[in-house]
Amino acid sequence: QVQVVESGGGLVQAGGSLRLSCVASGSIVSISVMGWYRQAPGKQRDMVANIISGGRTNYADSVKGRFTISRDNAKNTVYLQMNSLKPEDTAVYYCNAGRLRSSTGVNDYWGQGTQVTVSS
């Protein structure tokens, strides 16, 4: 059984920083893509950043230059360093482990989400 667990959310003032972490555990063989998505109240869930197993990264335009995604393949862990936070970054942040190969096959897995609130 695969589990994906996020941590690191919280309340921060505008201009501040937070670091999110996400660990995938279980009978994992490999994970092709790990990424972060966010969903604000009344809005759809959008991709924030992702990182391919080889290290290539992608960012939403709204976070480029402020957020940095990194990954530790050996630990099945992905991080999101968020700097210069803005009130519009307030959302529930979800971790996604994409095309995860385990003993039961290949699937996408989501974490339960962690709240990030940026006050003005």
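This is a predicted model: local features need pLDDT of at least 70, side-chain atom pairs count only at pLDDT 80 or more; totals for chains, interfaces and linings use all residues.

Reply: Residues are numbered from 1 along each chain as its sequence is written, and side-chain values use heavy atoms, with hydrogens and water left out.

Me: How many helices and strands does the protein chain have?
Reply: The protein chain has 0 helices and 11 strands. Both are DSSP runs numbered from the N terminus: helices are H or I with at least four residues, and strands are E with at least two. Along the sequence the pattern reads β-β-β-β-β-β-β-β-β-β-β.

Me: What makes the radius of gyration of the protein chain agree with that of a compact globule?
Reply: The radius is taken over C-alpha atoms, and the globule rule is 2.2 Å times the number of residues to the power 0.38. For 120 residues the rule gives a value near 14 Å, and the protein chain has 14 Å, so the two agree. The C-alpha trace spans about 45 × 25 × 20 Å along its principal axes.

Me: Why is lysine 86 called partly exposed?
Reply: Buried means under 20% relative accessible area, exposed means over 50%, and partly exposed lies in between (1.4 Å probe, protein chains only). Lysine 86 has 36% relative accessibility, and therefore counts as partly exposed. Lysine 86 is located in the loop between β8 (77-82) and β9 (91-102).

Me: Which residues does lysine 86 touch, not counting those up to four places away in sequence?
Reply: Lysine 86 touches Arg66 and Val118, where contact means heavy atoms within 4.5 Å. The C-alpha atoms of lysine 86 and arginine 66 are 10.0 Å apart, and the two residues are separated by 20 residues along the chain.

Me: Why does aspartate 89 count as buried?
Reply: The relative accessibility of aspartate 89 is 1%, so this residue counts as buried. Arginine 66, at 11%, is therefore buried as well. In the protein chain, buried residues make up 42% of the 120 residues.

Me: What makes the pair of aspartate 89 and arginine 38 a salt bridge?
Reply: A salt bridge is a side-chain nitrogen of Lys or Arg within 4 Å of a carboxyl oxygen of Asp or Glu. The closest N and O atoms of aspartate 89 and arginine 38 are 2.9 Å apart, and the pair forms a salt bridge. This pair links distant parts of the chain, with aspartate 89 in the loop between β8 and β9 and arginine 38 in strand β4 (residues 28-39), 51 residues apart.

Me: Which residues are linked with aspartate 89 in a network of salt bridges?
Reply: Arg38, Arg66 and Asp89 are linked in such a network. Aspartate 89 and arginine 66 meet at 2.8 Å, N to O. Arginine 66 lies in the loop between β6 (57-59) and β7 (67-72) and aspartate 89 in the loop between β8 and β9, so this pair ties together parts that are 23 residues apart in sequence.

Me: Where else does a salt bridge occur, and are its residues buried or exposed?
Reply: Lysine 64 and aspartate 61 meet in a salt bridge at 3.1 Å, N to O. Lysine 64 has 51% relative accessibility, so this residue counts as exposed. Aspartate 61 has a relative accessible area of 63% and is therefore exposed. By the salt-bridge rule the count comes to 3.
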